[in-house]
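Keep the structure open while you read.

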Amino acid sequence: MLIYFKIADKFNIIDKPNERSSHTKTTIRGGGIIFLVAIIISGTLDQQYFIPMIGASIIGIISFIDDRITLSSRIRVLFHLAAVTLMFYFLPVFGILSWWAIVMLYILVIGTINAYNFMDGINGITGLYSLVVLGGLQYVNLCQSSFAAPDMIWFPIISCLVFLYFNFRKKAKCFAGDVGSITMAFWVIMLIMQLILKTDNYSYILFLSVYGVETALTIIHRLYLKQNIFDAHRLHLYQLMANEQKMPHLIVSSIYALSQMLIIVLIIFGEFNFYTLVALILIPLILIYTFMKPRLMVKLSD
């Protein structure tokens, strides 16, 4: 990370605040490259994961380039498709699912990767949330159902801890950038899918339920407002809490991480079937979002 700071400073890889930002200081961007470094190290040490490591490298490098120079969405999608194809080949899903299910899975995975990226807007949120999800996956891997080489989770966990040392601050020394959030999303989704295929238990999808509900409902809200959902905005719940209500970033990030941690604990230790878990988790999340959103937007409308 310290080496990257010197490189970023030399080549002016910085994030300048604008009217859509949740920060006010110019800050080093792309610190999440440490996630990609961790994945490359782990994939190199265990050749079994060489293919998804290449996929993560493809999507990470194009995201880092996009952090520097804004690329067209068509170019990004092509690289995302290539990376996800390598993920699917590794898992493998091509020999399991029908063609239409694979098409739907492409849409779901690429959409989730971008949703993970949309949620990266305040100090600490990506690092903490990813740490919680990876921690839950590692617990399942070591104590309940072995589905992945432990180092494939340990290395990303270590990278989250290092990143948080520089990012989980009132004045962050760096932001993750697209290279961080998108690369981490790719790896987390790959691990979750690997676990689901091993156990045939779809409940593990809910390891990303907090981000999922927030993103889906925010998109619905923006469509209702007749906004372009691909344009930058500040209508996520966490943005309203941090920007309009002036809640400290670190508290907001901790709320999201702790909420997802409680859900993961329920999934791991609760003896509920998939549909019961969906009801127990998604209904309260939806109600919290719909109850809080109008109240948080009062100041925005003023």
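The points below cover ring pairs, a ring cluster and charges over rings. The model is predicted. Across the whole structure, a search finds 14 aromatic pairs. Two of them are described here in detail.

**Tilted pair: Y49 and F90**
- Y49 and F90 form a tilted aromatic pair, 5.2 Å centre to centre, with 45 degrees between the planes.
- Y49 sits in the loop between α2 (33-45) and α3 (50-68), and F90 belongs to helix α4 (residues 73-90), so this pair ties together parts 41 residues apart in sequence.
- Y49 has a relative accessible area of 1%, so Y49 counts as buried.
- F90 is buried too, with a relative accessible area of 15%; the cut-off for buried is under 20%.

**Stacked pair: Y129 and Y211**
- Y129 and Y211 form a stacked aromatic pair, with centres 3.6 Å apart and 0 degrees between the planes.
- Y129 is in helix α6 (residues 125-144) and Y211 is in helix α9 (residues 209-224), so the pair ties together parts that are 82 residues apart in sequence.
- Both Y129 and Y211 are buried.

**Cluster and a charge at Y165**
- F5, Y165 and F166 make up one aromatic cluster.
- Y165 also has a charge over its ring: the charged end of R169 sits there, 5.0 Å from the ring centre.

**Charge over F291**
- The charged end of R295 sits over the ring of F291.
- The distance from that charged end to the centre of the F291 ring is 3.8 Å.

How values were computed: Residues numbered from 1 in each chain as written. Predicted model: local features only at pLDDT ≥ 70, side-chain atom pairs only at ≥ 80, totals over all residues. Heavy atoms only, no water. Phe/Tyr/Trp six-rings, centres within 6.5 Å; stacked < 30°, edge-to-face > 60°. Helix = DSSP H or I, 4+ residues; strand = E, 2+ residues; numbered from the N terminus. Buried < 20%, exposed > 50% of the residue type's maximum accessible area, 1.4 Å probe, protein only. Lys NZ or Arg CZ within 6 Å of the ring centre and 35° of its normal.
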